[in-house]
Amino acid sequence: MRQARADEYEEFATARAGHLYRSACLLTAGDTHLAEDLVQEALGRIYLRWSRISVVGNPAAYAQTVLVRVFLTHQRRRSSKERATDVLPEVAAAGVDTPLRLTLLDALARLPAKDRAVVVLRYWEDRSIEETAGVLNASAAAVRTRCTRALKQLRELLGEDIDAYARP
């Protein structure tokens with residue numbers, strides 16, 4: 001029985017890890033190393049409770065909720081872990097969509113953590129307001145307010161000329 005549950009968890013984690021990683025990359029505004037850490041933390045927490053989670057109707061949604069909560073917890077503790085350094089981070093390789101992607105990630109990074117989580121859940125994960133409210137432990141009105149505020153801030157940061165970034 002134990003081995004069957006372990007195999008079931010491994011299959012679930014293998015199938016969902018890529019999706020969780022992409023969501024974590026958006027939540028962290030492109031910080032791939034932190035995104036990997038968040039996914040690992042989320043999968044670790046899920047593993048500890050897998051016997052209860054596996055019987056839930058939608059363990060994928062539960063995993064996404066755990067990921068968002070791990071991200072928000074990290075954001076609250078972030079200031080105690082930041083250290084100044086004289087070493088610059090590595091530069092991303094140039095690609096076809098690099099200007100657009102970097103502009104969008106920079107704009108996402110400027111949003112407060114909860115607003116960023118709302119944008120990712122609503123527009124990347126395509127969740128309803130009620131689902132987003134459930135993940136964030138907030139009311140639907142709070143989600144609508146955060147969503148409106150975040151989109152307004154994104155429009156201000158990106159300007160009206162966002163199409164210029166999308167052209168090759």
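**Helix packing and buried residues in a predicted model**

Let me begin with His74, which lies in helix α4, residues 59-81; helices here are DSSP runs of H or I with at least four residues, and strands are E runs of at least two, numbered from the N terminus. This is a predicted model, in which local features need pLDDT of at least 70 and side-chain atom pairs count only at pLDDT 80 or more, while totals for chains, interfaces and linings use all residues. Residues are numbered from 1 along each chain as its sequence is written, and side-chain values use heavy atoms, with hydrogens and water left out.

His74 has a relative accessible area of 19% and is therefore buried, the term meaning under 20%, with exposed over 50% and partly exposed in between, for a 1.4 Å probe and protein chains only. Setting aside neighbours within four places in sequence, His74 contacts Leu34 and Leu38, where contact means heavy atoms within 4.5 Å. Between His74 and Leu38 there are 8.4 Å from C-alpha to C-alpha, at a separation of 36 residues in sequence.

Asp115 is buried, because its relative accessibility is 0%. Not counting residues up to four places away in sequence, Asp115 touches Arg146, Arg149 and Ala150.

How do α6 and α7 cross? The axes come within 10 Å and cross at roughly 140°; axes are lines fitted to C-alpha atoms, for helices over the stretch in contact, and angles run from 0 to 180 degrees between N-to-C directions. The pair is therefore oblique, the class left over once angles under 35 degrees are called roughly parallel, over 145 roughly antiparallel and 65 to 115 roughly perpendicular. From α6, the contact involves Ala117, Val118, Leu121 and Arg122, and from α7, Ile129, Thr132, Val135 and Leu136.

Helix α7, residues 129-136, has as its buried residues Ile129, Thr132, Ala133, Val135 and Leu136. These fall within an arc of 160° seen down the axis of α7, so they line one face of the helix; the arc is that of the directions from the helix axis to the C-beta atoms. After α7 comes Asn137, with a positive phi near 55°.

Finally, helix α5, residues 98-109, packs against helix α8, residues 140-158, at about 135°, with the axes 10 Å apart. The two are therefore oblique to each other. Thr103, Leu104, Ala107 and Leu108 of α5 make the contact with Leu154, Leu157 and Leu158 of α8.
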